[in-house]
Amino acid sequence: MMRVTTVTNTRELAHPAREEIRLEGILHALSDPMRMRVVRALATTDDELSCSCFVLPVTKSTTTHHFRVLRESGVIRQVYRGTAKMNGLRRADLDALFPGLLDSILDAAGREAGRLGDRA
């Protein structure tokens with residue numbers, strides 16, 4: 001079972017420390033098309049994006065679930081900025097732990113999206 005960082009404020013969200021991120025958690029998180037869509041969008045910018053930037057064809061509660069899976073696996077970092085929950089890719093952590101993995105997965109996902117005619 002993965003341990004997550006302690007939350008001291010109700011507005012702080014729990015994230016795994018770098019050394020707690022596991023390959024199987026990353027692969028599980030990225031195995032879902034909606035979560036891959038989020039990660040692909042985050043990979044196109046160095047900025048954080050608010051949850052409202054993502055229009056996914058699922059319910060709000062399902063969208064929340066997808067973001068939680070990405071956060072708890074260590075793929076993204078979420079922080080509150082005012083009332084907005086901002087999301088950023090944990091690229092430095094992922095690249096340090098699994099060099100080339102994220103780029104390979106993003107490249108494969110982009111090729112698959114092109115092959116299937118899905119640009120999301």
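**Exercise 1.** Let's start with overall shape: what radius of gyration would a compact globule with 120 residues have, and what does the protein have?

*Solution.* Start with the rule: for 120 residues, a compact globule would come out near 14 Å. Next, look at the value for the protein, which is 14 Å, so the two agree. Keep in mind that this is a predicted model. To go with that number, the C-alpha trace spans about 45 × 30 × 25 Å along its principal axes.

**Exercise 2.** Take the contacts with a separation of 6 or more: what percentage comes from residues 24 or more positions apart?

*Solution.* Contact here means heavy atoms within 4.5 Å. Of the contacts in that set, residues 24 or more positions apart account for 61%.

**Exercise 3.** Is Leu56 buried or exposed, and which residues does Leu56 touch?

*Solution.* First find Leu56: it sits in the loop between β1 (49–50) and α3 (60–73). Then check its relative accessible area, which is 10%. The cut-off for buried is under 20%, so Leu56 counts as buried. Finally, list its contacts, skipping residues up to four places away in sequence: Met34, Arg37, Val38 and Thr63. Pick out Val38: it is 18 residues from Leu56 in sequence, and their C-alpha atoms are 8.7 Å apart in space.

Technical notes:
Residues are numbered from 1 along each chain as its sequence is written. This is a predicted model: local features need pLDDT of at least 70, side-chain atom pairs count only at pLDDT 80 or more; totals for chains, interfaces and linings use all residues. Side-chain values use heavy atoms; hydrogens and water are left out. The radius of gyration is taken over C-alpha atoms; the globule rule is 2.2 Å times the number of residues to the power 0.38. Helices (H or I, at least four residues) and strands (E, at least two) are DSSP runs, numbered from the N terminus. Buried means under 20% relative accessible area, exposed over 50%, partly exposed in between (1.4 Å probe, protein chains only).
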